[in-house]
Amino acid sequence: MWKLDGNKILIEKITQDKRTEYEATQFSDMTKMTDPYLGFTKIFRLLIQYKKPLVVHNGIMDLMYLYEKFYEPLPNNLKKFKQEINKMFPLVYDTKFISIEAKRLNKQMRDLYDSTILENLYQSLNKEMPKKCALFMPSVKPSKVSSTYSMRMRTHEAGYDAYMCGLAFLKLAHALVTYDSKNLYNLRQNNMNDYFQIMKPFVNKLPMIRASLDFINLNGKDSSRLNLKILFIKSKSEILPHELNAEFTTYGQCELKIYSKNIATVAMDNICYEKFKSSPIKNKNYEISDYNFWKHGIYFSKFNWNHALIAGGVCLIAVIAFKN
């Protein structure tokens, strides 16, 4: 064993027993030194240790962040990521996925909310649940430390977003239980076991936005893309993405894609499409129609031909320069 004594290095021969004892003491001292700096790592390790269910909203990026910052570098393939996350967190519930799928599977759920954006979902459930699912509805009261949460909304504050997410999960579960006539849950006071039971079809499924998959299944096969309806939008003035997006979020989950200053498309599922057809956007600035390849494809082919002409021109210049 060696140690520094001023400008001198002292070396001492010790027995194996003394070395073991010394190393154990040193490890304890190091743990005491580093413990105050671990921060959220402690919570992350406890969540893994006790296998607690995770409730997230559109949480694929959150899980990737947790994995990379508190576990190890992200793997090169999705399969390994899914296996490791599922090993750490066997039960993950995504309220965005639940809210999208619940509307598709149960028509009664469609009256409770339109948008699946967390803030909008939270507000809609708070407003509609007392009217339609009041029987045995669970109540949540913030603690004294977070009492301000009951006074005003604090969106994008981490604690408040988690609060909205948890409450959305609880209310979605209660609504599903209330509308489940097969098992007659709604005839008695429900508990968390009932809620987790009704949520089984949604566990470990994370929605994917603008992807070839509808969702990632952490412990099973991923879903292929549903048959989406596409609307073609031509605007008389320059399209402002946030304004156009606001027009369509009232129908539910939609995906907006801007192609030029005046051209865009919106993809939506059948539920949103039915709502749009029954109550179309009244903004006269937009010409909106069902996308048709033969009718609207010319707008996109223009972009492709322009790119092809530019690329072809560059290649021709390069060939001429090479010959010279």
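**Salt bridges and an open sheet in a predicted model**

Me: Which side chains meet in a salt bridge at 2.6 Å, N to O?

Reply: In this predicted model, the side chains of Glu128 and Lys132 meet in a salt bridge, with 2.6 Å from N to O.

Me: Where do Glu128 and Lys132 lie?

Reply: Both are in helix H6, 4 residues apart, which is about one turn of the helix.

Me: Which residues are linked with Glu128 in a network of salt bridges?

Reply: Glu128 is linked with Lys131 and Lys132 in such a network. The salt bridge between Lys131 and Glu128 has its closest N and O atoms 3.7 Å apart. These two residues also lie in helix H6 (residues 118–132), 3 residues apart, about one turn of the helix.

Me: Is Glu128 buried or exposed?

Reply: Glu128 counts as buried, because its relative accessibility is 14% and the cut-off for buried is under 20%.

Me: How many salt bridges does the structure hold?

Reply: The structure holds 10 salt bridges. One of them joins Arg104 to Glu101, with the closest N and O atoms 2.7 Å apart.

Me: Which helix do Arg104 and Glu101 lie in?

Reply: They both lie in helix H5 (residues 95–105), at a separation of 3 residues, about one turn of the helix. Glu101 counts as buried at 11% relative accessibility, whereas Arg104 counts as partly exposed at 40%.

Me: Changing topic to the sheet: in what order do the 4 strands stand?

Reply: The 4 strands form an open sheet in the order S8-S9-S7-S10, and the pairing is antiparallel. Strand S8 (254–258) and strand S10 (286–290) are at the edges; each has a single partner strand, so one side of each is left without a neighbour in the sheet. On average, neighbouring strands of this sheet are turned by 20° against each other, direction ignored.

Me: How many bridges join S7 to S10?

Reply: Strand S7 (residues 229–235) is joined to S10 by 5 bridges, and the two run antiparallel. Leu231, for example, has Asp290 in S10 as its bridge partner.

Me: Which helix lies across these strands?

Reply: Helix H9 (residues 241–249) lies across S7, S8, strand S9 (263–268) and S10. Helix H9 runs at about 155° to S8.

Methods: Residues numbered from 1 in each chain as written. Predicted model: local features only at pLDDT ≥ 70, side-chain atom pairs only at ≥ 80, totals over all residues. Heavy atoms only, no water. Salt bridge = Lys/Arg side-chain N within 4 Å of Asp/Glu carboxyl O. Buried < 20%, exposed > 50% of the residue type's maximum accessible area, 1.4 Å probe, protein only. Pairing = 2+ DSSP bridges. Axes fitted to C-alpha atoms, helices over the stretch in contact; angles between N-to-C directions. Contact = heavy atoms within 4.5 Å.
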